[in-house]
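Subject: Structure handover

Hello,

The structure we discussed is below. My notes follow it.

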Amino acid sequence: MAEMYGKANGCSRGRGGSMHMFDASRRFYGGHAIVAGGIPFAVGLALADKLQDRRRVTACFFGEGAMAEGEFHESMNLAALWRLPVLFLCENNLYAISTPLPVQQSERELYLKAHAYRIPSEAVDGMDVYAVETAIARAAAAVRRGDGPYFLELRTYRFRGHSMGDPQRYRAKEEIADWEKRGPIVQFVDRLRRDGLLDDATLAAIERDVGEEVAWAVEEAERGPWGAGRGPREGRLQPGRWLSSPTGRRCARRCARRWPPTRASS
Ligand SMILES: Cc1ncc(C[n+]2csc(CCOP(=O)(O)OP(=O)(O)O)c2C)c(N)n1
Ligand SMILES: [Mg+2]
């Protein structure tokens, strides 16, 4: 949360924001602003593990939009050719920002693309927590055994816009409402209740705990200092300081002139 605020107590010392979250101490290697940028990076990490005889699995998450990028195909080829220990996890939520799947991809059965590189691959109901857990456990075990890469297409949906600036004019409200009814948390809770594993009091306690944790993260982020990171750009990220610089003042004036955006400039 502190990283989202751009604060120095964030995992990338406030320099990454939502696009470049990185925490090497927890083996969490991004956040990549370039669509598909994380895929060759993951292949490199898996190559390092293989060369150094470490029995690790690199889990590489990306949206289906990344599968139209050249980097995806180069990475699949090398991962398969060198039998690298990497588990590719594509979250297919049917839209790349505003572009629906049929307008992005010539082959809509996305898992077949990995299959073409001789990587074992399957499509999974990404709205079903059990199905996802089972498929990932099986795939990760195969990768860890040294069988080479594995690919899972997790079929899901994005309930919100791609970003804060996405007005979602490209899809109907009814479509979103339909998918929300089948949301993974809704389905999981229903199933736990049906199986007698969850009662109202336990659910309320879990929701309270989660709420408290999120509130704590927000407070820590609010309290965190600006720009205390080390390096040559020390302190430059403090918005107050930047806005009072000549460049900052010029940018602020330019933005003010352009706001609200007209149809032609937006
Ligand atoms: C190489 C590259 N091209 C274009 C963009 C602009 N861009 C940002 S996100 C995105 C769509 C990505 O699709 P997906 O991964 O399905 O994301 P979703 O909309 O589902 O969140 C695009 C084209 C980018 N960041 N990098
Ligand atoms: Mg998508």
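Which residue stands opposite Leu154 in β6? That residue is Val124. Please keep in mind that the model is predicted.

Strand β6

Strand β6 covers residues 150-155, and six of the six are buried, so the strand is largely enclosed by the rest of the structure. In a regular strand the side chains alternate between the two faces of the sheet. Here both faces are covered: one side carries Tyr150, Leu152 and Leu154, the other Phe151, Glu153 and Arg155, and all of these are buried.

Two strands pair with β6. Strand β5 (residues 121-125) runs parallel to β6 and is joined to it by five bridges. Strand β2 (residues 86-92) is also parallel to β6, with six bridges between them; in this pairing Leu89 is opposite Leu152. Helix α5 (residues 129-144) forms a right-handed β-α-β unit together with β5 and β6.

Ligand 1

The shell around ligand 1 consists of 13 residues, the closest being Val35, Gly63, Gly65, Ala96 and His162. Sorted by class, seven residues of that shell are nonpolar, four are polar and two are charged.

Ser75

Ser75 lies in helix α2 (residues 70-81). Ser75 counts as buried because it has 27 C-beta neighbours inside 10 Å, where the cut-off is 20 or more. Leaving aside residues up to four places away in sequence, Ser75 touches Ile39, Pro40 and Val43. For Ser75 and Pro40, the C-alpha to C-alpha distance is 5.3 Å, although they are 35 residues apart in sequence.

Regards

Technical notes:
Residues numbered from 1 in each chain as written. Chains lettered and ligands numbered in written order. Predicted model: local features only at pLDDT ≥ 70, side-chain atom pairs only at ≥ 80, totals over all residues. Buried ≥ 20, exposed ≤ 12 C-beta atoms within 10 Å, placed from the backbone. Helix = DSSP H or I, 4+ residues; strand = E, 2+ residues; numbered from the N terminus. Pairing = 2+ DSSP bridges. Right-handed = clockwise from strand over helix to strand, strands pointing away. Near = placed C-beta within 6 Å. Nonpolar A, V, L, I, M, F, W, Y, C, P; charged D, E, K, R; others polar. Contact = placed C-beta atoms within 7 Å.
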